[in-house]
Each structure stands twice: as C-alpha cells, then as structure tokens.
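Biologist: Could you take me through the strands and the helix packing of this model, with the criteria spelled out as we go?

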Amino acid sequence: MTGWAGRDVLRITDFSRWDLEGLFGLADELADGGLPRRDLAGRVVATAFFEPSTRTKLSFQAAAVRMGASVLDLPPPAASSQAKGETFADTVRMLDSYADVLVVRHRLEGAARFAAELAGSPVINGGDGSRDHPTQAMVDLYTVRRIFGGVDGLTYGVLGDLRYGRAARSFILGLTRYRPAALRLISPPSLRVRKDVRRELSAAGVDYSEVGDLSEVLPELDVLYVTRIQRERFPDPGEYERLRGSYRVGPDTLEGAKADLAVLHPLPRVGELDPALDRDPRARYFEQAANGVPVRAALLELVVGGRVGH
Ligand code: NCD
C-alpha cells in the first residue's frame, strides 16, 4: 500500500476512507492469528506520554513488541529531565534521535503537530488536549467494522462530553469518512460539539442532530458510544460538579434499545457506564480496548515497516 510510509498521524481527518480500509484490512490479518510477527525487528518505537494513559500507551507498546520492535518509554516527568526543566522540544529532539517513530500524548492541543515539525521520524498523536486522538478513532471504527461488517448505513449515538472529549470528537470526525445512516449527538447543552465539528459534518453531508437525552433516540441506534465527562479539561471546577452524574448508561437505561446494539466506550469509565452492563452481550467496550493492539500494530507496520532506521 502506498501513502502510509513515514507519515505523521495527527488527526483522523488526515486519512481517507481508503487509507483506513487498508489499515483495517491489515489489522484483521493481525487480529486473526497473525501476531506475533517480526516485521519490525530492529525498529525502535518511543512512547512519550506527558499525560496519564493506560490503554493507548500499553496497547502501542504491546503492538510494538508483538511486531518484533523494541520500546523506549519516556519516564513520568518527575523521573526524567523534565524535572530539571528540560523543554518539550528538547525531549522530542532526543527521542527522535533514539527511535524510528514517536507516539506522543500531551495536555496541550497542537503538541503532537509541534513534535512532528521538530522530528524527522514520524510522530503519532496519542491524544492532544481536548482536540485529536486519531488512533482511538481508528480502533473505534475498526471495532464497528468487526461487529457489523462495515461502518456505512448504521445509526450512531455519541453520548457524553462532546466538547472536551478528544476520543468522542475524533470518532465523530472519523464517521465523516464513511456514510452513516444518521448520527445523534447526545449531551448536556454546555458539552455539545464545537462549531468546527458541526461544519465538518455538514460538509461531509452526514445526517446529524443534537439532542439532550438518550431516550429520545435510543430505539433507532445501532451503535451507542459513551464517554466520560473530561473533568481535567474544565476551566471551572464548579461547572464540572454541576454536570457530573448528569447521564448514566446501565441495563435499565437500555430498555427499548435494539437487541444487537453495540455499546462502545473508549474507557476509562468513571460512573457513566454501570459495570452491571458488562454482562450484557451489547457491551462491546472491552473488545474495543483489545482491538487497540492489532490496529496499532497495523499502524506501526504501515508507518515504519518499510523505513530504514536513521
Ligand atoms: C481517552 C483519552 O485519553 O482521550 N482514553 C483513551 O485513550 N482510551 C478517553 C478519556 O480519557 O476519556
């Protein structure tokens, strides 16, 4: 496949449907007994997470190891030279000289793009502030494709903090690369999607609407994507306190939903998704988290597989 080698992965909308389908085809191969492989033997993958992470960092590391690559992980700020005042830019320059690809997460929007400008190696955005999380969107779209055989023609509900949540935002933007039957954006009024997302949805001709309550749209949904309220992004803690607990999905909430509804969540969950739902066959979020490994392994293969280290 052309077009992937050496490429930065900064936003989901940098990729066409055909780029994504190529990625997902390879991910299928890896998911269906194709791992471990040695394609990335001798390659070095650096993970630099300046914000907390469980799934994104560890699934990238698991993916790298299962493809035969080695991992360099930047220690948390207190244990690296950041504690001595080293700048983000200098840290990125160092990692660039030690690794073939950098996976970067940072609380500031645009941090991954800045890193990509500094680094010769490709940079993969592992989440920047409340903006982009392209590889999560890849995992989410892939999960839908695995469950339903495709992404087109389904009705999607995305519930939660659509303003500050980069995972929800990136998933919504990722849907513009496909032909969903409809998209229902469900959130408290102050957590609705930002204007640029509405613009992109309109430009792509996606049939979308914004509603305040899940019950208004639940019966028509094929996919319900739930997200937590992003406490750490709120400029005003009082506003967070007012909104916390304003929605919750559990077995009782799903009465009236389709029998083959898929409930997704990028995790972590902090109360908006009742663990009692885990036993329901419609709960697909742990499968979604597991898909992080084959999708990120496929991504690493496409981005660095053909590259000679420098
Ligand atoms: C998400 C993130 O970090 O944006 N987590 C993840 O990568 N699976 C979602 C979140 O923190 O709510």
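Modeller: In this predicted model, 4 bridges join strand β1 (residues 44–49) to β2, and the two run parallel; strands are DSSP runs of E with at least two residues, helices runs of H or I with at least four, both numbered from the N terminus, and two strands pair if DSSP finds at least two bridges between them. Residues are numbered from 1 along each chain as its sequence is written, and side-chain values use heavy atoms, with hydrogens and water left out. Local features need pLDDT of at least 70 and side-chain atom pairs count only at pLDDT 80 or more, while totals for chains, interfaces and linings use all residues.

Biologist: Which strands stand at the edges of the open sheet?

Modeller: The open sheet has 4 strands with parallel pairing, in the order β2-β1-β3-β4. Two of these strands each have a single partner, so one side of each is left without a neighbour in the sheet, and they are β2 (70–73) and β4 (123–128).

Biologist: How are α2 and α10 oriented to each other?

Modeller: The axes of helix α2 (residues 55–66) and helix α10 (residues 292–304) come within 8 Å and cross at roughly 60 degrees, where axes are lines fitted to C-alpha atoms over the stretch in contact and angles run from 0 to 180 degrees between N-to-C directions. Angles under 35 degrees count as roughly parallel, over 145 as roughly antiparallel, 65 to 115 as roughly perpendicular and the rest as oblique. The two helices, α2 and α10, are therefore oblique.
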